[in-house]
Amino acid sequence: MSKKPFYITTPIYYPSGNPHIGHCYTTVACDSIARYKRMQGYDVMFLTGTDEHGLKIEQKAAEKGITPKAYVDEIVETFKKLWKYMNIDYDRYIRTTDDYHVESVQKIFKELYDRGYIYKGEYSGKYCTPCESFWTDSQLDENGCCPECHRPVAFAKEEAYFMKMSPFADRIEKLLLETDYLRPKTRATELVNNFIKPGLEDLCVSRTTFKWGIPVSFDDKHVVYVWIDALSNYITALGYLNGAYTDFDKFWPADVHMVAKDIMRFHAIIWPAMLMALDIPLPKHLAVHGWITFNGEKMSKSLGNVVDPFVLGERYGCDAIRYHILREMALGADSSFSNEIMINRINSDLANGFGNLVSRTVAMADKYFGGTLPSERETDAVDEDFKSVILGLLPAVDAEMEETKIKQALEEIFKAVDRANKYIDETEPWKLGKDETKKARLAAVLYNLLDSIRVISALLSPFMPTVMPKVWEQIGASAEDVEYGKLGTFGVLPENVTVHKGEILFPRIDVEKEIEELNSLIQKNMDEAKSNLSSEEKGETAEPIELAPEISIDDFAKVELRVAKVTECEKVKKSSKLLCLQLDDGMGGRQVVSGIAKYYKPEDLIGRKIQFVANLKPCKLCGVDSNGMICAADTADGPKVIFVDDSIPVGTKIR
């Protein structure tokens, strides 16, 4: 019986510099899903790669005095080194400089032209080189900059080919609003309102002002512009219109495309339009995640706030890093990276939770039975409740993974870890071990713990593939014991299972020492980045800071500061400066209007916890009711919202 195919992809990464921890989430997430599907018995194709053409690459290569191909070759090796280091088990790696991809893209471009969807015209407008995107004046941000990266744009005028987008507007709107193509669905309305309702503009699909790209086969003055080139990789890597591979019919349509929110528009609108124009079935799901942020800002080398995954991996192991970033990121929302969050997560979940469960269970089996459990057992009512939790774990994790909700899947697994540790407290095996008449009961308790660890570790293996085989060795589990088909059954380990004490799986970290050392490393990066900035860019000022008049503690006590979570956010229609936020404030909810639209997109705030003034007198701003005020810091770059640790409950008073 042939296995059912499953196709999952990351976006292909733009090799503009060395990768950092912010690059890792999509690839680690897709790798985990791919491993889970393989465990379930699927025939998996996991694709990743690099998008290697464009003006920026040509410019950076020229600055270094090397060819564009030599430039990207060097960076691609760094990406591949990182993926190997992070134990990424991809099935295929595509580079847009690969000959077979070039062949297919030229054929795709010609097919779209022959079908009447591509035509020659002239482009006159604003162009962002870092994003490789053209923008109309109405699409620019409040400062006349790129609406995606908020960097300056340049006027560009050139002959270009365009792809007609309006013929697909209605179908794409239905795709986004009436199907589960987009995950999470909350992103759909934003895309429709911002890009489809105003009218889909035709897409520039060729360039003449640089040469580092795939030549248009019938007009070599032009090179194919990034989106037809880059997006086509998902089908060219399967052999579409080339002879390199022959598994397009087997794996297409893709089951999951996973992307970060900054390229959501291209995968949710442009890619479906291309496929519709070619009469190719659409992917089943587009999973959109947020950014790993540092102090509320997206990680960026220009800000100096990048975290080197090689450094973190050397200190804690790649499995701990994989677990941390997967555990913190809810699909669709940003996750805040900090040294404290990472180290506390490793200590609480991995060292004190799962690692301690394994080590003390194995240690007790070794201490009381010389490593091999006897066959005689004595059961108790508490055992059945514990077993029911373990038996319910597989369907719970399956359900979350089916929805690409990795964070929630891990939460389900660690509920079982907590229950296993509670079971130890309930049964008190250290007391049973002191009484010779209780050895049969002790054997039952330890066997139940070992078999629960078998199930838990097998379900953790897609997320932490390096450490789990060490767990199986310690608990005496064979490869057959941890097969997917046996994870819904209790009592799989041999009755006389033999354990093997091993190394500590996740050593506990000295929090204060580690935070100090990591902060020092990150501060060094930030100092180096800032050293090349002007005083104005650094936010420095020669003027002394003047404080407002002093107030008494009684005056301060009149201000009610509390924690809330942003559940919804949208721009106020009559204002370019205002955002309207819906807050879960722990008191039934409220609406607050804030003048931060120039600095934050709605999706940057949804799901984040903030602090706000809860007892401010209500008012109307541009006709919209506002019941409170968001707290933000004034900086040289504008207001920065003060975000709150996600562990603090909504409604908590700040003092």
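I take helices (H or I, at least four residues) and strands (E, at least two) as DSSP runs, numbered from the N terminus. The model is predicted: local features need pLDDT of at least 70, side-chain atom pairs count only at pLDDT 80 or more, and totals for chains, interfaces and linings use all residues. Residues are numbered from 1 along each chain as its sequence is written, and side-chain values use heavy atoms, with hydrogens and water left out.

Entry: Asp 334.
I looked up Asp 334 and found it in the loop between helix H12 (318-328) and strand S16 (335-337). Asp 334 is buried, its relative accessible area being 10%; buried means under 20%, exposed over 50%, partly exposed in between (1.4 Å probe, protein chains only). I then checked polar contacts, that is, pairs of N or O atoms within 3.5 Å; within protein, one must be able to donate a hydrogen and the other to accept it, and residues adjacent in sequence count only if both atoms are side-chain atoms. The Asp 334 side chain makes one with the side chain of Lys 261, at 3.0 Å. A polar atom of the Asp 334 side chain also lies 2.8 Å from the backbone nitrogen of Trp 291. For contacts I used heavy atoms within 4.5 Å. Not counting residues up to four places away in sequence, Asp 334 touches Lys 261, Gly 290, Trp 291, Thr 293, Met 329, Asp 604 and Arg 608.

Entry: helix H6.
I listed the buried residues of helix H6 (residues 186-196): Arg 187, Ala 188, Glu 190, Leu 191, Val 192 and Ile 196. Their cover includes helices H5 (169-178), H10 (264-277) and H23 (602-605), along with strands S7 (182-183) and S13 (286-289).

Entry: Ile 8.
I found Ile 8 in strand S1 (residues 5-9). Ile 8 counts as buried, at 0% relative accessibility. Leaving aside neighbours within four places in sequence, Ile 8 is in contact with Cys 30, Ile 33, Ala 34, Met 45, Phe 46, Leu 47 and Val 256. I also took the C-alpha separation from Ile 8 to Ala 365, 357 residues along the chain, and got 42 Å.

Entry: whole chain.
I counted 23 helices and 26 strands in the chain. The radius of gyration is 28 Å, close to the 26 Å that the globule rule gives for 655 residues, so the chain is as compact as a globular protein of that length. That radius is taken over C-alpha atoms, and the rule is 2.2 Å times the number of residues to the power 0.38. Buried residues make up 53% of the 655. Among contacts between residues at least 6 apart in sequence, 75% join residues at least 24 apart.
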